[in-house]
Amino acid sequence: MKTYRIATIPGDGIGKEVVPAGKRVLEAIAARSNDFGFEFEDFDWGGDYYRQHGVMMPADGLDAIRDKDAILFGSAGDPHIPDHVTLWGLRLKICQGFDQYANVRPTRILPGIEGPLKRCSPKDLDWVIVRENSEGEYSGVGGRAHQGHPIEVATDVSLMTRAGVERILRFAFRLAQSRPRKLLTVITKSNAQRHAMVMWDEIALEVSKEFPDVTWGKELVDAATARMVNRPASLDTLVATNLHADILSDLAAALAGSLGIAPTANLDPERRYPSMFEPIHGSAFDIMGKGLANPIGTFWSVVMMLEHLGERGAARALMTAIEHVTGDPTLHTGDLGGKATTAQVTEAVCALLASNSAVTSEAA
Ligand code: IPM
Ligand code: MG
């Protein structure tokens with residue numbers, strides 16, 4: 001029997017509620033399998049750790065999780081600590097330290113969920129956004145000088161390497177190729193950003209030659225926002241730079257009904273390091289500690305983790321259970337206009353996993 005070693009990092013705010021819920025669901029998955037189980041190690045890194053130790057995670061933190069099979073992450077963000085400190089001290093440290101260069105964000109309108117677009121039926125919106133996750137606008141390169149003087153200056157340099165662009169575009173073409181429509185939209189801004197984005201476009205054309213069966217096109221990032229709203233069915237797989245995809249993926253999540261549902265995978269496709277799975281939503285301090293957080297974003301992230309681990313049957317069974325639960329409005333949390341609690345949604349998913357219906361779907 002295989003045992004997957006999972007690091008859990010709840011982080012801050014509702015991360016402390018949804019990560020334990022994700023763990024419960026993984027335990028329910030393990031309970032129905034004779035082939036694999038999970039061994040969890042919990043890490044208390046985040047805002048509280050920072051208040052005690054002055055850092056978001058210990059200096060040798062990456063070594064403590066380097067050998068895990070995967071990481072389940074909640075959220076990082078604290079109203080009393082600057083956002084760039086919480087982000088760079090924990091989540092980006094892990095993403096960049098483990099070279100998780102492919103950030104993958106699927107979006108669909110799940111059963112029972114109402115999206116805000118009047119003319120969009122659920123089948124029209126089925127996207128995966130691939131976000132470059134290691135450089136670009138988040139390279140961290142830049143600085144400040146003349147601080148406190150009238151001539152103060154600050155730069156954030158967007159840095160793109162040929163190797164970095166090639167690998168994310170190749171990843172995106174491969175992902176598009178694996179989906180039924182084999183359709184990729186490369187998001188760009190090469191009309192205004194005339195160096196790096198022009199290189200990005202050139203590399204897209206080069207890499208596309210390796211994937212003759214993928215239909216692809218370019219779209220400027222601003223035009224892409226309008227197209228997502230007006231012609232959602234014209235899109236399938238999208239690939240964009242770090243910041244462009246950050247913005248587009250929030251729009252995508254909102255168009256699919258709620259940020260509380262959206263999942264993310266931070267992948268090292270070469271599997272040199274563990275990959276990290278997390279809901280897209282933040283720490284949501286306004287509802288923390290009340291048991292009201294929507295755990296579906298975490299559960300869908302767990303589906304992505306199971307896929308990454310190669311447990312496709314379990315991934316399908318969990319996705320089926322999630323879709324049953326979202327289909328029942330009495331199991332909607334507040335972000336979806338319902339009254340259900342984190343615990344009720346979690347128990348409903350676990351109960352389905354324990355029942356025969358989920359087993360049947362796994363076999364299918
Ligand atoms: C995301 C988030 C983060 C990002 C924030 C928390 C810095 O918005 O994962 O999309 O911009 O990368
Ligand atoms: Mg974002």
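Which residues form one aromatic cluster? They are Y4, F36, F38 and F40. Rings of Phe, Tyr and Trp (its six-membered ring) are paired here if their centres lie within 6.5 Å; planes under 30 degrees apart count as stacked, over 60 as edge-to-face and the rest as tilted.

Before going further, a word on the basis of these values. This is a predicted model, in which local features need pLDDT of at least 70 and side-chain atom pairs count only at pLDDT 80 or more, while totals for chains, interfaces and linings use all residues. Residues are numbered from 1 along each chain as its sequence is written, chains are lettered from A and ligands numbered from 1 in the order in which they are written, and side-chain values use heavy atoms, with hydrogens and water left out.

Let me stay with the aromatic residues. The structure holds eight aromatic pairs. One of them, F98 with Y273, is stacked, at 5.4 Å centre to centre and 15° between the planes. F98 sits in the loop between helix 4 (83-97) and strand 4 (102-108), and Y273 in the loop between strand 11 (263-267) and strand 12 (275-279), so the pair ties together parts that are 175 residues apart in sequence. Helices (H or I, at least four residues) and strands (E, at least two) are DSSP runs, numbered from the N terminus. F98 counts as buried because its relative accessibility is 0%, whereas Y273, at 26%, is partly exposed. Buried means under 20% relative accessible area, exposed over 50%, and partly exposed in between (1.4 Å probe, protein chains only).

I turn now to the ligand. Around ligand 1 are L87, R91, R105, R131, Y138 and D246, each with a heavy atom within 4 Å of it. Oxygen atoms of ligand 1 lie 2.8 Å from an N or O atom in the side chain of R105, 2.6 Å from a polar side-chain atom of Y138, and 2.8 Å from a polar side-chain atom of D246. Taken alone, ligand 1 exposes 320 Å², of which the protein buries 68%; these areas come from the Shrake-Rupley method with a 1.4 Å probe.

Finally, consider R179. This residue is found in the loop between helix 5 (162-178) and strand 8 (183-188). R179 counts as buried, because its relative accessibility is 15%. Its side chain reaches the backbone oxygen of D126 at 3.0 Å.

Technical notes. Polar contact = N/O pair within 3.5 Å; in protein donor to acceptor, adjacent residues only side chain to side chain.
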